[in-house]
Amino acid sequence: MALKERLVTASLCFTALVSLLFLFVVVAYIVANGIGAISLDFLLESPYRFEQGGIFPQIIGSLCLVLICLLVAVPLGVASAIYLAEYAPDTLITRSVRFFGECLAGIPSIVKGLFGLVFLVYYLHLGISMLAGGLTLGFMILPWTVRASEEAIKAVPQSYREASLALGATKLQTIRTVVLKSAYPGIITGILLGMGKAIGETAVVLLTAGSGLESFLPRSILDPVGSLPVYIYMLATQGHTSAALSRAFGASLVLIALFLAISVVALVLRNRYLRQMGGGRR
Amino acid sequence: MNKIETKALNVYYGNGAVHGLKNVEMSIPANKITALIGPSGCGKTTFLRALNRMNELKGAETTGEVLLDGRNIYSAKEDVIQLRKKVGMVFQQPNPFPMSIYENVAYGPRIHGQRHENLDKIVEESLRKAALWDEVSDRLEESALGFSGGQQQRLCIARALAVNPEIILFDEPCSALDPISTARIEELLTELKQEYTLVIVTHNMQQAARVSDFTGFFLMGELIECGRTAKIFERPEDKRTEDYITGRYG
């Protein structure tokens, strides 16, 4: 029995190491191939002639797209989650709605991109634009933000709600003050996961926001906008020189760094908040 | 003088499947401590939660009347918010919000629109009444979750006091606490009854005997017997009360 236990533990440990190693190799490969392309010009200049110049418009474009995406997905997602967790009666209808919401999360992004193209770009005449891209990204990650926020709200101890209601608070006051405050760290985590999907999303942005090669900064939200993932895609599929691939890796490195930076900021905020709430004791 | 009287009070759970309280008629005198005792599932907590209409949060149905100063709190025009402001509650598990001591106590006054400049005074008074001020006066900004269970429970009492209630309901307030914290809470209860009407559910018969002036014994959703605590414990009229008190079941 003891031997069997040890064998199982050892193999689990081995599996974990292999997974981590795989991740590490991917990151190391990107860093090794991309670091050569990184320079101040690369970060702060506009691209020209496809394989020269920098990726500044793409960086700004990606950030703007994520911002619009979050402006859509966070309020809608949190509001829906509050309804589902606090108000919706537990009936067959709400269970089905929840189930279909989760299925929605599984729809391939290219399909959602197609919807964005047909509905937002053509039918609503938004054109290929930052707005169309950001909105489609927002709808894309909505199921995740709803789901994560709902779980976070449901994890708030019932005793907090009872204590608040017993003091004469209304249900709305209870949700706004006690429930959301306690659920906030979980909601942040959910938003972060959604944001990670959005910033790396290629298909949706390719169809709705722009070709990725834009060498100018958008002047309005109705301008087409470049983005890092689409730029990487273009370089990888249409570049013919080794410089193109190196630039693609460089852009990938920037994309990863961008995501890590945003994650770290969000996690620091979250942890500071948790400490305020009570030393992480939840 | 009776603060609360119930008339033919019935509570049903689970769409009427469970008859939790059966025709309970009980009086709760003002500025006294009334203890509710009985074995698990006897309806004592259901009765307590009927007094501030907390049962309906879980979808229970209530018939009959609960008269608070002669007004039926189950009448259609009763404002539940005002009722719960008047009838505070302290729970079995200390349940401070994950906020600072100050914010916990200020929470109730704030939601009832108390002006900002009055809060400091209310927080201090409430904490003093709950015998917690001396321990926390220089730690008001610290999270409540870092304090001991007994301190947390006194904080919950302070939080309830801060909205200026007339009645406070205690649902087994000491069952999660050690004997020393329990003694402090019991001492506090006897101080609080000068100003408030207290109702306490307890599993602990010694506790009921120690702190209460009146006792009601519940069994299977019925109020079997109620009266002065000394009488209930020394000369119970009903055989079932006697059996419970002498430890034959429960």
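Among contacts in chain B between residues at least 6 apart in sequence, 69% join residues at least 24 apart, a contact requiring C-beta atoms, placed from the backbone, to lie within 7 Å. The model is predicted, with local features needing pLDDT of at least 70, side-chain atom pairs counting only at pLDDT 80 or more, and totals for chains, interfaces and linings using all residues. Residues are numbered from 1 along each chain as its sequence is written, while chains are lettered from A and ligands numbered from 1 in the order in which they are written.

Chain B contains ten helices and eleven strands, these being DSSP runs (helices H or I, at least four residues; strands E, at least two) numbered from the N terminus. Its radius of gyration is 18 Å, close to the 18 Å given by the globule rule for 250 residues, so chain B is as compact as a globular protein of that length; the radius is taken over C-alpha atoms, and the rule is 2.2 Å times the number of residues to the power 0.38.

Six strands of chain B form an open sheet of mixed pairing in the order β7-β8-β9-β4-β10-β11, where pairing requires at least two DSSP bridges between two strands. Strands β7 (87-90) and β11 (222-228) of chain B lie at the edges with a single partner strand each, so one side of each lacks a neighbour in the sheet. Strands β4 (residues 33-37) and β10 (residues 214-219) of chain B run parallel and are joined by four bridges; B:Leu36 has B:Gly216 as its bridge partner in β10(B).

Terms used:
Two residues are in contact if their C-beta atoms, placed from the backbone, lie within 7 Å.
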